[in-house]
Amino acid sequence: MVRMYETIVIVQPELGDDELKGLTAKVTDIIGSFKGVLHRLEDWGVRKLAYPVKKSARGRYYYIRFDGDAPLIAELERRLRLDDKVLRYQSVKLEKEATAPAPKAAPVESAPAVEAE
């Protein structure tokens, strides 16, 4: 039975372009080999993590939206777990089509100017 999934993957921020292309190619190959349909693969960029993960304070986020079945998600998570470049991942089954907007940069708060009298 084909279901809708989305996965967020956090990888090491210092990876080069070749390594990032290899990672995205690996994900698309896994989805294609299990007869899944890839809808979106977005690079959300490097962001500060809430707490250090594997001694890294920053991580590069990827958003993956695809359709597939249980063996596909099991194999994708198995391969992500074995990859040393991946810090964290989370897969969620979607009940209905959801549009995930690209995350916006956090607004920079400026300190109020203090006037000296």
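Predicted model: local features only at pLDDT ≥ 70, side-chain atom pairs only at ≥ 80, totals over all residues.
Residues are numbered from 1 along each chain as its sequence is written, and side-chain values use heavy atoms, with hydrogens and water left out.

**Overall layout**
- You've got two helices and four strands in the chain; helices (H or I, at least four residues) and strands (E, at least two) are DSSP runs, numbered from the N terminus.
- Reading from the N terminus, the order is β-α-β-β-α-β.
- Of the 117 residues in the chain, 36% are buried (under 20% relative accessible area, with exposed over 50% and partly exposed in between, using a 1.4 Å probe and protein chains only).

**Helix pair**
- Two packed helices are described by the angle between their axes and the distance between the axes.
- Here, the axes of H1 and helix H2 (residues 70-82) come within 9 Å and cross at roughly 155°; axes are lines fitted to C-alpha atoms, for helices over the stretch in contact, and angles run from 0 to 180 degrees between N-to-C directions.
- H1 and H2 are therefore roughly antiparallel (over 145 degrees; under 35 is roughly parallel, 65 to 115 roughly perpendicular and the rest oblique).
- The crossing of H1 past H2 is right-handed, meaning the near helix is turned clockwise from the far one by less than a right angle.

**Cavity**
- Searching the whole structure turns up one cavity of 30 Å³ or more; on a 1 Å grid over the protein atoms alone, a cavity is a set of points where a 1.4 Å probe fits but cannot get out, and lining residues have an atom within 4 Å of a point.
- The largest cavity has a volume of about 40 Å³, that being the space filled by probe spheres set on the points.
- Its lining is made up of Val9, Leu23, Thr24, Val27, Leu41, Tyr62, Ile64 and Leu80.
- Helix H1 (17-33) and strand S3 (56-68) are the elements that give two or more residues to that lining, and H1 has the largest share, with three residues.

**Two loop lysines**
- Most residues other than glycine have a negative phi.
- Lys54, in the loop between strand S2 (37-53) and S3, has a positive phi near 50° and is exposed at 55% relative accessible area.
- Lys55 is in the loop between S2 and S3 too, with a positive phi of about 65°, and is exposed at 86% relative accessibility.

Terms used:
1 Å grid on protein atoms, 1.4 Å probe; cavity = no way out; pocket = protein on both sides within 12 Å on 5 of 7 lines; lining within 4 Å.
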